[in-house]
Amino acid sequence: MHQPQSLTIYPLSETQKSRWLQYQLKPESAGESNTPFCARVRGLTPDRLEEALNLLVRRHPMLRAAFEIHQGELAYRILEDVSVRVTVVDVGAESDEALRHRVVRDCERAFDVTRPPLLAAYWYVRAGQDPVMLIFCEHLAVDGWSYWVVLDELGFVLAGEPLEALPPQDFAHYVQWQQKWLEGPVAQAQRRHWQEVLSGELPVLQFPVGKRGAKGSQVIDPVVPESLARRLNDLADRQGSGLFAIMLSAYQVLLHRYSGLDDIIIGSSLPGRTRSKWGRVVGEFVNSVALRCQIDGALTIREHIRHTQKLIRQGIENQKYPFAKVLESLGVARNPEVSPVFQAMMTFQNTRMEGGLDKLWVAENDEEAVSWGGGELRRFPYPLIGDSSVAFTLDVLVIGDRMRCPFRFDTAQVDEALMQQMIRHYFTLLEAFADDDSQTVGELQLLSPAEREQVLNGFNATARDFPREALIHQLFEAQAARTPDAPAVEHKGVTLSYHELNCRANRLARHLRVQGVQAGEFVALCAQRSLDMVVGLLAILKAGGAYIPLDTAYPEDRLAYILGDSQPLLILADDAGQAILEPLQLATRLINLERQGEAWAALSADAPACLHLNSSDLAYVIYTSGSTGHPKGVMIEHRSLVNYVLDAIRWFELTPSDRVLQQNSLNFDLSLEEMLPALLSGACLVLATELFGSAPLSEHRKLGLSFVHMTAAHWHTLVGQWSDAPLQALQYLQGVRLVNVTGDALSAQKVRAWESIRPESTGLINTYGPTEATVSCTATRLAGEPEGVNVTIGKPFANTCMYILDGKLQPVPIGVSGELYIAGVQVGRGYLNRSELTAERFISDPFSADPQARLYKTGDLGRWLPASPLIWNVSTDKFRI
């Protein structure tokens, strides 16, 4: 065979150029791309191995290639005087686990590609055990196909068998042919094909986030059970499609379910050896292709596999055009952190090695021996490594009627526990494919019965007894009877005891009854923060009405819309409220809480009877703004509010010794979170004159607060300010045992900052809940968050269920994002006068035996963590948050 001279300069193939550039962008990736082989050895010696390897180094020029930049261009020379030495290491009694770590360290050693050979070997001597052999190659010289060629030939050389002559064309001839081919019409047609396939916006797979580690490649290496492999082969025979299409089809569905994307692009490495004359040539011929599909849930598995088979055929037909050139034609910028075009790959290898070495990859156990090179090899279960240019790769290895499916993933992007789960679900899909290929893709279930039970019921084991028939004001009355003299509400130095507050509300309620208020009637409340505001709210409830809050800061057109839509029987207002409403020239009767008190001052202070009022009647209607259109009135019943308040008292650990700040608008249901749990637990409600953290310290200290509720925006602002002035945090939080934050996702960075500035005695609780599910429906106590982890919204409230579902209303796996749906007693009645929107957002609950049960479709995205707390990712309705 003609040997190139060392003075001759050869250009790189397009794939080699791309890999060289990858090495420059990510130098650590060089070692990760090595192609290793490792096994326990019997009947061979390191000297025989070294002799055989050197014969292959002399035989294959690319193993002697020295890469360099020549006159500004990437190039390589073939050196003549090159040899490889087997490094012998005595590891003594080192355990298998320790040796596996040693093997990984050794085979991740980056080659100096300017100094061949580009092949290395280690021989680990073990006390009382068979030695272990490690061989690995630089990917610039040895691609996956070449790897099998080298191992195949090595076995023949060790066994003393002759090798067939290599073809006259070597890798340098291939590169010369490739450069000429790229100038021709076929190459241009293939370029246009890939431009069309990859036109438009390219999807980006977002992988579930877990406990990510440092960047590195890890492999989980399951064997496909023989019975499943046999059934998949039978399916391939029936379909006439081949196993590649079946395995890829299941992989597409898996990524679709885990990412929520219908547009899925998977990269695949094809041999690039489109001519038989390159079959025994060692070099980097391999080329990546992008297989893009649209997942259609209405297709049967059979139809989906046929579509995938067509994609594979098109990929094979157009595999000659270098992927690096495709990126150039698309104008895709290279990013060392995010793989362009696709973030997941699949390789498919149906090996037919002449020496039978391939059987080692599917050996059932570590004692199963394979004859090779005049000796015996046994599996050494070392952690496989390989090219990790994408987040994860599925390598399907088919050997006869047996299969192995190593999943290789980047530990900085994919959590190992979630990867294990994905593998289980991949096998679940394969089982479903083999069982019945007439099922539709949309019908396929990922979750096992146990997993489904866990996410539907295990994480929602929230059943708790509560007084289902009670009315919210009755619970206040019971508290007033228990602690009549205790302070109930305080404002600007004036305090009402529970008895005084109850009596004032009872008198006003009786007056409202005289004015015609009864069960189901709406009464609007437009008042600034004051004792009258609290009295008015309780009086409306006691009279049997449902209150409709009107914020005095709202613009006139919004107030007019709310009043026009709700048509309240009466309006309760203070002077400020009346002044705001008068320009609207309303026909609705208005009662001034500040000026007309004589009208009910002489009425009985006993609670009016709850005639014809029950727990399914409305307690309030709060108007919330959607992302578009008019505000919508959310209707909440007494039973929902009672359940919420009683469990909120439990979550907040409220006692009569607490002093709770009330600072938020009545039109935000956080005001209910401030008021009702406090008044139903015997605490004292302190009405704010200024937002928490803004009053002078001398005034702030007079309040003596123990519990504060804040919006996320308010809390984020304070944490930012206090981070620069930590003494202020200690001063304003003195005596505050708990802060509740709600209304939007919390910043993990701000939670960590909070931990560094808060007093040790001040806790933090995070609550979540749309208005449509009665104030809050999940909660969690926070005590610092690990780096890189989103802030959890916790666990469901009592008698409330949180479901994370896909577009088919099926539960998604743990860790996978889906839409949050809320079920249980806290789900509201719907939207006032908006029957179509109510039907759209409040749907039948498919997981309940009660035909009347409903789910509320939040529009928010979330996911379960393994230990069951919820993570709230984002919202599709930003204004509602």
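This is a predicted model: local features need pLDDT of at least 70, side-chain atom pairs count only at pLDDT 80 or more; totals for chains, interfaces and linings use all residues.
**Aromatic pairs and helix packing**

Tyr147 and Trp148 are both buried. A pair of aromatic rings is described by how far apart the centres are and by the angle of the planes. Counted by the pairing rule, there are 33 aromatic pairs. For Tyr147 and Trp148, the ring centres sit 5.4 Å apart with the planes at 75 degrees, so this pair is edge-to-face. Elsewhere, ring pairs tie Phe171, Tyr174, Trp177, Trp181, Trp278 and Phe285 together into a cluster.

Next come the helices. Helix α8 (residues 226-239) packs against helix α9 (residues 243-259) at about 110 degrees, and their axes are 9 Å apart. Angles of 65 to 115 degrees count as roughly perpendicular, so that is the label for α8 and α9. Their crossing is right-handed. On the α8 side, Leu232, Asn233, Leu235 and Ala236 do the touching, and they meet Leu243, Ile246 and Met247 of α9. Sorted by type, the residues of this contact come out as six nonpolar, one polar and no charged.

Further along, helix α23 (residues 712-724) and helix α25 (residues 748-757) pack at an angle of about 50 degrees, with 10 Å between their axes. That angle makes α23 oblique to α25. Here the crossing is left-handed. Trp715, His716, Val719, Gly720, Trp722 and Ser723 of α23 meet Lys750, Val751, Ala753, Trp754 and Ile757 of α25. The residues in this contact split into seven nonpolar, three polar and one charged.

How values were computed: Residues are numbered from 1 along each chain as its sequence is written. Side-chain values use heavy atoms; hydrogens and water are left out. Axes are lines fitted to C-alpha atoms, for helices over the stretch in contact, and angles run from 0 to 180 degrees between N-to-C directions. Helices (H or I, at least four residues) and strands (E, at least two) are DSSP runs, numbered from the N terminus. Angles under 35 degrees count as roughly parallel, over 145 as roughly antiparallel, 65 to 115 as roughly perpendicular and the rest as oblique. A crossing is left-handed if the near helix is turned anticlockwise from the far one by less than a right angle, and right-handed if clockwise. Contact means heavy atoms within 4.5 Å. Ala, Val, Leu, Ile, Met, Phe, Trp, Tyr, Cys and Pro count as nonpolar, Asp, Glu, Lys and Arg as charged, and the others, Gly among them, as polar. Rings of Phe, Tyr and Trp (its six-membered ring) pair if their centres lie within 6.5 Å; planes under 30 degrees apart count as stacked, over 60 as edge-to-face and the rest as tilted. Buried means under 20% relative accessible area, exposed over 50%, partly exposed in between (1.4 Å probe, protein chains only).
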